[in-house]
Amino acid sequence: MTTPSKVDTLAGPSSRREERKVLAGTLVGTTIEWYDFFIFAQLTATLLSPLFLAPLNQSNPGLAQILSFALIGISFLFRPLGAVVAGHLGDRLGRKAMLVFTLVMMGAATALIGMLPTYAQIGAWAPILLILLRIIQGFSAGGEWGGAALMAVEHAPLNKRGLFGAYPQIGVPIGMILATGLLFFLNSSMSKEDFAAWGWRVPFLLSIVLIVVGYLIRRAVAESPVFQEMAARKQESKAPLGELVRSHKKPVLYSTMIFIGNNAAGYLLIAFFIAYATRTLQMPTPQVLLATTLASFGWLIFTLAGGWISDRIGRVKTFLTGYAIIFVWMIPMFALIDTRNIWLYGLALFVLTIGLGLSYGPMSAMYAEMFPANVRYSGISIGYAFGAILGGAFAATIAETLLQATKWTGSIGIYIMILCVISAIGVVLAKETKGRPLGVSHH
């Protein structure tokens, strides 16, 4: 006779003090990881092209911009590898060890980008080394999210999984607020020449301080209660990845589909809009960065709200509401952006974050509830990684290509609308997961 799991009770498996430590650890870690990731994405939109692709930027600025956006996408291609490795080890050795490992790896790669010589200094080696460091960033990001999501959800009381799971999710908008806010400060406090000469390195090098803080906080967090149950009952899989491929193909497919639309729309906010507003519409860079920072607060609020709402009305209804908002807003949003009015630009981005938050906040809880304990880290990490490749990896590149081919921003809106429909289908096929047991005794 199996004893019921504490993980599946209203009280939850952890004390209030431990819950606070877990939420702080997952939030701080994902915030730092995504700060690192977004610094690169946003500098790609404004500066890295002339620094690392100098000859091409002089002869064909449009193509240089497309290729610089592709540098964002390259790292996504290595997310599945990071998801496979971290997921496999996380299911066998524990969630906590992988969280610390991925955090340190991301921070090291980010700091090294801040020390890279430019094309003017070492020629073609500059973009080659940049690509290698982006690959390391992608590998670590592939393993980061799954571990943070599971640490939060598996420590949560049954009726608060959506809310707890939203904490690693809000690390994304907080990371963006830090990244965009710092770039706004640097762009406002120094000349363009100084920023291009050395100021762009500051955000990357600051990552060293953030990583030390994140490392200390994550080291203090207890291992996931579900993994502790697996170890105590000797039910951990000997080959979680093999079992995932054999027996859980549909949840991996559905989790991939669910993320595509959100991630693509999110990377327009993260990278494309900044480049489009500053380079194509010739809007002032500091104003654009400030508007993006303020819009990111909306993303934070609505992501947290999305997790909380999903505990009340269910994951499926919350997701579908978010995707409906993104779908309906796409064409009006670009119409507002094209006015070149900074207030309307900010409004366009803020309304988008409502849909982004509602279709992102419930994700940790829903993904965790889709997989059994012994393959859960592998399953959610791989689904998330493939969703990111098909969604956000080349969203900015595709958007720039569509813009240059059609000269109409509405074509980008239609592209995102199609991805939202695919994601909505994935949500419906996955069906409602709210309240499904997570503990080992139920699998």
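How many cavities of 30 Å³ or more does a search of the whole structure find, and which residues lie nearest the centre of the largest cavity?

Reply: This is a predicted model, in which local features need pLDDT of at least 70 and side-chain atom pairs count only at pLDDT 80 or more, while totals for chains, interfaces and linings use all residues. Residues are numbered from 1 along each chain as its sequence is written, and side-chain values use heavy atoms, with hydrogens and water left out.

The search finds two cavities of 30 Å³ or more, a cavity being a set of points, on a 1 Å grid over the protein atoms alone, where a 1.4 Å probe fits but cannot get out; a volume is the space filled by probe spheres set on the points, which are joined across faces, edges and corners. The largest cavity holds about 100 Å³ of space.

Its lining (residues with an atom within 4 Å of a point) is made up of 13 residues, and those nearest the centre are Val-172, Asn-263, Tyr-267, Ile-270 and Tyr-360. By class, nine residues of this lining are nonpolar, three are polar and one is charged, where Ala, Val, Leu, Ile, Met, Phe, Trp, Tyr, Cys and Pro count as nonpolar, Asp, Glu, Lys and Arg as charged, and the others, Gly among them, as polar.

Helices here are DSSP runs (H or I, at least four residues), numbered from the N terminus. H1 and H15 (249–280) each supply at least two residues of the lining, and H15 gives the most, with six residues.

How values were computed:
1 Å grid on protein atoms, 1.4 Å probe; cavity = no way out; pocket = protein on both sides within 12 Å on 5 of 7 lines; lining within 4 Å.
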